Amino acid sequence: MGLFSFTQKLAIDLGTANTVIIKDGKIIVDQPSYVTINRKTEKVECVGAEAYRRFEKENNDLTTVRPLRDGVVADLMASEFMIRGLIKMTNPKRGLFPSALKVVVCVPSGSTDVEIRAVRDAAEKAGANEVYLIHEPMAAAIGIGLDVMEPNGNMVVDIGGGTTEIAVISLGGIVSNKSIKVAGDEFTNDIVDHMKMKHSVRIGERTAEEIKKNVGSALSELDEEPEEFQVIGQDLASILPKAISVNYREIASCLEKSITKIETAIGNALDNTAPELYADIYNNGVYLAGGGAQLRGLAKRLTDKFQIPFIVAEDPLYAVAKGTYIALQNTSKFALLFK
């Protein structure tokens, strides 16, 4: 290498809810995956946190969208705008000679060829010269610190915003995997529906997210009980404001169906695992990553159900991003992992 490196390297965890970008080993972008577009001019007003501030609060000229739904690109143009805007945040002071851009982007393990091509296209149109794609659970395993190249069975459950990725990994490959569209977004929708059915109150996604963070739970009995959380919604009968206090037991009940679907998917993945790899998983435990891994009581519930230790990764929110960065730094070592 010469004195100056003219290639900028970025690891991008392109998530349904949040996008994280790591450069030079540091998280320099951690922003909600939103973009606000002016309908009249068709120009981007803002991306990330600024766009999220406008979500569900726009006027007729502005629209704020989430370009990714269920872990895949739902709006290619908006995805390109968002990725371009977030990449710009990594290098606000552009030099006279723009550097080449090499990126590794993670994608759900259940992505189709069309969906993978959409992510690649969005990254290339946003200015990337070299684009490598890696499956989310593989990136999560690398980020957690597992040696994915060894002949040893490891299982990772990555509960993101749009999808839950379940994968058994050995010898640098995914032995069996399951990607289901039940994750953080589905939990949020469950809470919105619950408030409507149980309390006759209309709330938005943002309020449901706050409920999930403050009193979300996978168990109806917790050792450390969070305080009740008060929300303001619109009474469906009177159209007047209505204050409701919700507790974790109530939310655990409304999330029951979605969590059961995740349990079923985990059970199916274990059922399809070869005996020797199953024994490894029993000894090593199953690692939980992603924002959903932080749901109160989830690890305990899964451990009790499957009689296998479920371990929340040390830094579950950033495990995928960190693994993506490690893969970026070692593209030759992990060449077989890229799509």
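This is a predicted model: local features need pLDDT of at least 70, side-chain atom pairs count only at pLDDT 80 or more; totals for chains, interfaces and linings use all residues.
Strand β1 (residues 7–14) and strand β9 run parallel to each other and pair over six bridges.

**Strand β9 and its partners**

- Seven of the eight residues of strand β9 (residues 100–107) are buried, so this strand is largely enclosed by the rest of the structure.
- In the pairing of β1 with β9, which is parallel, leucine 10 is the residue that stands opposite valine 103 of β9.
- Strand β9 is also joined to strand β10 (residues 130–135), again by six bridges and with the two strands running parallel, and here valine 104 has tyrosine 132 of β10 as its bridge partner.
- Between β9 and β10 the chain passes through helix α3 (residues 113–125), and the β-α-β crossover formed in this way is right-handed.

- Three strands, in the order β5-β4-β6, make up an open sheet in which the pairing is antiparallel.
- Strands β5 and β6 stand at the edges of this sheet and each has a single partner strand, so that one side of each is left without a neighbour in the sheet.
- Averaged over the sheet and with direction ignored, neighbouring strands are turned by 15 degrees against each other.
- The antiparallel strands β4 and β6 are joined by four bridges, and in this pairing threonine 36 stands opposite threonine 64, which belongs to β6.
- Helix α2 (residues 76–90) packs on the sheet, where it touches β4, β5 and β6, and the direction of the helix makes about 60 degrees with that of β5.

- The model holds 14 salt bridges by the rule applied here, and the pairs described below are among them.
- Glutamate 50 forms a salt bridge with arginine 53, with the closest N and O atoms 3.1 Å apart; both residues lie in helix α1 (residues 49–54), where they are three residues apart, or about one turn of the helix.
- Of this pair, glutamate 50 is partly exposed, with a relative accessible area of 36%, whereas arginine 53 counts as exposed at 54% relative accessibility.
- Aspartate 304 forms a salt bridge with lysine 300, and the closest N and O atoms of this pair are 3.0 Å apart; because the two residues are four residues apart in helix α9, they are separated by about one helical turn.
- Aspartate 304 counts as partly exposed at 42% relative accessibility, and lysine 300 likewise counts as partly exposed, at 47%.
- Through salt bridges that share partners, Glu50, Arg53 and Arg54 are joined into one network.

- Glutamate 205 forms a salt bridge with arginine 66, for which the closest N and O atoms are 3.6 Å apart.
- This pair links distant parts of the chain, since glutamate 205 belongs to helix α6 (residues 205–215) and arginine 66 to the loop between β6 (62–65) and β7 (68–69), and the two are 139 residues apart.
- The two partners fall into separate accessibility classes: glutamate 205 is partly exposed, with a relative accessible area of 21%, while arginine 66 is buried, with a relative accessible area of 8%.

**Positive phi in two loop residues**

- Glutamate 42 has a phi near 60 degrees, which is a positive value in a residue other than glycine, and glutamate 42 lies in the loop between β4 (35–38) and β5 (44–47).
- With a relative accessible area of 62%, glutamate 42 is exposed, because over 50% is the range that counts as exposed.
- Glutamine 307, too, has a positive phi near 60 degrees in a residue other than glycine, and the loop in which glutamine 307 is found runs between α9 (298–306) and β18 (310–312).
- Glutamine 307 is exposed as well, with a relative accessible area of 58%.

Methods:
Residues are numbered from 1 along each chain as its sequence is written. Side-chain values use heavy atoms; hydrogens and water are left out. Buried means under 20% relative accessible area, exposed over 50%, partly exposed in between (1.4 Å probe, protein chains only). Two strands pair if DSSP finds at least two bridges between them. A crossover is right-handed if, with the strands pointing away from the viewer, the path from the first strand over the helix to the second runs clockwise. A salt bridge is a side-chain nitrogen of Lys or Arg within 4 Å of a carboxyl oxygen of Asp or Glu. Axes are lines fitted to C-alpha atoms, for helices over the stretch in contact, and angles run from 0 to 180 degrees between N-to-C directions. Contact means heavy atoms within 4.5 Å.
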